[in-house]
Amino acid sequence: MPTILAVSGSPSPVSLTHRVLTRAAERLDARGHLVDVLAVRTLPPAELLAADTTHPQIAAAARQFAEADAVVLATPVYKAGCSGLLKAFLDLLPQFALEGKVVLPLATGGSLAHVLALDYGLRPVLMSMKPAAVAESFFVHAEQAAAVTDQLDAATDRFADLVEALHRPARRLAPAAA
């Protein structure tokens, strides 16, 4: 099974973003995927902002990202964009760090107006990193979080289906009879 890295761009250890990412990671784990979680807030801030990829924790996080077959990125929406933590982490990665990977963008926010941050703010950044595919984004409004668990599960399942389809070994055709 493909490995998946679930990345939290939330500055808070207890947040709606963390709950959403945890639910998606648990769903993927239940499907048999090896899921690792990376909370960007746990990385050393000075080294993260300086993009110091020689620092052991930053290097380990970048290596973890590189070794994953797929990535789930969860972020709260601030000022109509992804969190600065997530953006700082994405900025320190190589230009085509998503090459060959499938990505699921997840976001949380306090206003339905923030839903556009996924497709107008985050998706262009992700596309510039050359992913194999970016799954349909999923936004969770803070006041409707409890009501969207089925939709989040469905979005996570569609992502898993895409990951599995792109990482399925190619079938060999039998030679034609002469």
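Predicted model: local features only at pLDDT ≥ 70, side-chain atom pairs only at ≥ 80, totals over all residues.
Q: At what angle do helix 1 and helix 6 pack, and how far apart are their axes?
A: Helix 1 covers residues 16-30 and helix 6 covers residues 149-166; they pack at an angle of about 50 degrees, with their axes 10 Å apart. Helix 1 and helix 6 are therefore oblique to each other. Their crossing is right-handed.

Q: Which residues make the contact of helix 1 with helix 6?
A: Helix 1 contributes Val 20, Arg 23, Ala 24, Arg 27 and Leu 28. From helix 6 come Thr 149, Leu 152, Asp 153, Thr 156, Asp 157, Phe 159 and Ala 160. Sorted by class, the contact of helix 1 with helix 6 has six nonpolar, two polar and four charged residues.

Q: Is Asp 153 buried or exposed?
A: Buried is the class for anything under 20% relative accessible area. Asp 153, which lies in helix 6, has 7% relative accessibility and so counts as buried.

Q: Which residues is Asp 153 in contact with, leaving aside its neighbours within four places in sequence?
A: Asp 153 is in contact with Arg 23 and Arg 27. Both arginines belong to helix 1's side of the contact with helix 6.

Q: How do the axes of helix 4 and helix 5 cross?
A: Helix 4 (residues 84-92) and helix 5 (residues 116-128) have axes that come within 11 Å and cross at roughly 15 degrees. Angles under 35 degrees count as roughly parallel, so helix 4 is roughly parallel to helix 5. The crossing of these two helices is left-handed.

Q: What makes the contact of helix 4 with helix 5?
A: On helix 4 the residues are Leu 86, Lys 87 and Leu 90, and on helix 5 they are Leu 122, Val 125 and Leu 126. By class, the residues of the contact of helix 4 with helix 5 are five nonpolar, no polar and one charged.

Q: How is a pair of aromatic rings described?
A: Two values are used: the distance of the centres and the angle of the planes. A search of the whole structure finds one aromatic pair. Phe 65 and Phe 89 form this pair, at 5.9 Å centre to centre and with 70 degrees between the planes, and the pair is edge-to-face.

Q: Where in the chain do Phe 65 and Phe 89 lie?
A: Phe 65 is in helix 3 (residues 56-67) and Phe 89 is in helix 4, 24 residues apart, so the pair links distant parts of the chain.

Q: Is Phe 65 buried or exposed, and what of Phe 89?
A: Phe 65 counts as buried, at 1% relative accessibility. Phe 89 also counts as buried, at 0%.

Notes. Residues numbered from 1 in each chain as written. Heavy atoms only, no water. Axes fitted to C-alpha atoms, helices over the stretch in contact; angles between N-to-C directions. Helix = DSSP H or I, 4+ residues; strand = E, 2+ residues; numbered from the N terminus. Parallel < 35°, antiparallel > 145°, perpendicular 65-115°, else oblique. Left-handed = near helix turned anticlockwise from the far one by under 90°. Contact = heavy atoms within 4.5 Å. Nonpolar A, V, L, I, M, F, W, Y, C, P; charged D, E, K, R; others polar. Phe/Tyr/Trp six-rings, centres within 6.5 Å; stacked < 30°, edge-to-face > 60°. Buried < 20%, exposed > 50% of the residue type's maximum accessible area, 1.4 Å probe, protein only.
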